[in-house]
Amino acid sequence: MTSTLPPVPPSLAGRIVVPGDARYERLRHGYVHRGSPAAVLLPEDAGQTAEALGYARSLGSVVSVRSGGHGISGRSTNDGGVVVDVSRLDEVRILDRPRRRIRVGAGARWGQVAQALAPHGLAVSSGDTGDVGVGGLVTAGGMGWFARLHGLTVDHVTAVELVLADGTSARADAEREPDLFWAVRGAGGNFGVVTAVELEAYETDDVVFADLVFDAGDAAALIEAWGAALEAAPRELTSFLTFMPGGPGRPPLARLAAVYAGDETRSAERALTPLSGLGPLLQQRAVLAPYPALVPVSGAAHHGQQQLRATRSGLLDHLTPDAARAVADALESGQVLMEQFRSVGGAVNDTDPAATAYAHRTQNFSLLAATVPELERDLDAHWARLAPHLNGMYLSFDTRRTPEVLAQAFPEPALSRLRTLKDRYDPENVFDRNFPLR
Ligand SMILES: Cc1cc2nc3c(=O)[nH]c(=O)nc-3n(C[C@H](O)[C@H](O)[C@H](O)COP(=O)(O)OP(=O)(O)OC[C@H]3O[C@@H](n4cnc5c(N)ncnc54)[C@H](O)[C@@H]3O)c2cc1C
């Protein structure tokens, strides 16, 4: 070890990784962001997490909090600071099977959660990637495969345990610390280190997963048709639509993935059949599968492998012809290298906008556009054309950190309430790596 850092408290002996340690290369980077922290701390319980945070703060350095390392907006690594990595806090426990109450460590991956719940006939919707960590997603929103039937992941959180900036532990739920409970469900990265969450899961057996590939030569028509089909679809159906530009002599392609949240294959067929007529179909398959098969865990080491590191997020009420045209033009320019819609709406919009810090409860679609950093200015030019059609954004899918972005992510009165609570719970702005609330 080449570090000159002061010694860690005894409980963290062996749980600090510094440059020169054989474990360092595997721990320094995230999936999107690369880093060179002075130290990564690996606590194994809530007490050690508090000690790790205290140690990091005593150094006066930048503190990053990491669960699964898949942050796009949230920077869970840094250069020269400390990373508090809670990935060892990954226990998934059934608390009360009849009431479907579960407790999940913030360091678990969502694929792991799906695997642990499936034998009990339960699931919680998270996102489309099993490697994403519980901590980053559950503090922001969670747009997953059951969004239209069951809502966002944050809508199912019943309690949160976290270490606050001053090192104290808190438990927030509807009765105790209700303000903190509200803030953590959408802006949690600004309020502490979450060590565990309790959620209400739902009964889930097999689901039907469909995967369709279209020639997207007329991307605007496909977007409009997909939007209309999803708004008319039963809530059991949630779908993601991803566009990739074509190459020389190749048309752009669109991949439509859809989940019917149930194992009644006839109903699933009825819901899915309209999708295959949305455009020129190149390939299709549908399978009945256990939910964990949709969110496998790869466990791959992170080295900033995601090349499309400039992303923009927007939410849309409807996919109008003008909005579809603007998205298609961006794709056809060849400067925007990926555009991905997720259907939200349905149960997401049953929740009162004031119930959680994630306040967007009228939109039916989420859009993420991505490109390489060298083309970020071109991405912005396309995004400016799309802006009049957007209604808010999901911070987890956007790499910008400007005040305008924050205002779109947290429409008033949410932003003012968050700033007031920030002064109460984190007056020294320790947790500023997710997005700058101040
Ligand atoms: C390939 C990929 C697919 C994705 N798909 C979806 C999707 O389908 N739906 C969706 O909603 N999102 C999706 N996301 C976005 C994802 O939810 C966010 O990037 C999320 O922050 C990742 O969580 P993490 O724990 O892996 O991230 P990390 O990189 O570990 O953390 C990111 C940030 O979250 C905060 N944070 C992390 N852990 C904690 C904690 N324990 N306590 C407090 N704050 C914490 C910190 O501010 C940190 O900087 C996807 C991301 C990727 C890269």
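N429 lies in the segment after α12. In this predicted model, its phi is near 55 degrees, a positive value in a residue other than glycine. With a relative accessibility of 24%, N429 counts as partly exposed, because the partly exposed class begins where the buried class, under 20%, ends.

**Backbone geometry**

- E177 likewise has a positive phi although it is not glycine, with a value near 50 degrees.
- The loop between β9 and α6 holds E177, and at 33% relative accessibility this residue counts as partly exposed.
- A cis peptide bond links E412 to P413, with omega near 10 degrees.
- P413 belongs to the loop that runs between α11 (403-409) and α12 (414-425).
- As background to these cases, most residues other than glycine have a negative phi, and most peptide bonds are trans.

**Nonpolar cores**

- The largest nonpolar core comprises 79 residues, and the members that touch the most others are W145, L180, F191, F410 and L418.
- Helix α6 (residues 178-187) is the element that gives the most to this core, contributing 6 residues.
- Beyond its neighbours within four places in sequence, L418 is in contact with W182, A183, A187, F191, A357, F410 and L437.
- In soluble globular proteins, nonpolar side chains tend to be buried together.

**G186 in helix α6**

- G186 is a residue of helix α6, and its relative accessibility of 7% places it among buried residues, because the buried class is defined as under 20%.
- Residues up to four places away in sequence aside, G186 touches T139, A140, V154, A357, Y358 and F410.
- A357 and F410 are in contact with G186, and A357 and F410 are also in contact with L418.
- Between G186 and Q284 there are 98 residues in sequence and 36 Å in space, taken from C-alpha to C-alpha.

**The open sheet and its packing helix**

- An open sheet is built from 5 strands in the order β5-β6-β10-β8-β9, with antiparallel pairing.
- Each of β5 (92-96) and β9 (169-173) has a single partner strand and stands at an edge, so one side of each has no neighbour in the sheet.
- From one strand to the next, the twist averages 20 degrees.
- Strand β8 (residues 157-163) runs antiparallel to β9, and 5 bridges join the two.
- Within this pair, V160 has A172 of β9 as its bridge partner.
- Helix α6 packs on the sheet and touches β8, β9 and β10 (193-200).
- The direction of α6 makes about 95 degrees with that of β8.

**Helix α8**

- Helix α8 (residues 265-276) has 12 residues and should span 16 Å at 1.5 Å a residue, which agrees with the 16 Å between its end C-alpha atoms.
- The buried residues of α8 include A268, A271, L272 and L275.
- Viewed down the helix axis, the buried residues of α8 fall within an arc of 85 degrees, so they line one face of the helix.
- R266, E269 and R270 are exposed on the other side of α8.
- The cover over the buried residues of α8 includes the strands β12 (206-215), β13 (237-244) and β14 (253-260), together with helix α7 (219-232).

- Strand β14 is mostly covered, with 6 of its 8 residues buried.
- β12 and β14 run antiparallel and are joined by 8 bridges; in this pair, the bridge partner of F214 is A254 in β14.
- β13 also pairs with β14 in the antiparallel sense, over 8 bridges; here M244 has L253 of β14 as its bridge partner.

Methods:
Residues numbered from 1 in each chain as written. Predicted model: local features only at pLDDT ≥ 70, side-chain atom pairs only at ≥ 80, totals over all residues. Heavy atoms only, no water. Core = buried A, V, L, I, M, F, W, Y, C linked by side-chain atoms within 4.5 Å. Buried < 20%, exposed > 50% of the residue type's maximum accessible area, 1.4 Å probe, protein only. Helix = DSSP H or I, 4+ residues; strand = E, 2+ residues; numbered from the N terminus. Contact = heavy atoms within 4.5 Å. Expected span 1.5 Å × (residues − 1). Arc of directions from axis to C-beta. Pairing = 2+ DSSP bridges. Axes fitted to C-alpha atoms, helices over the stretch in contact; angles between N-to-C directions.
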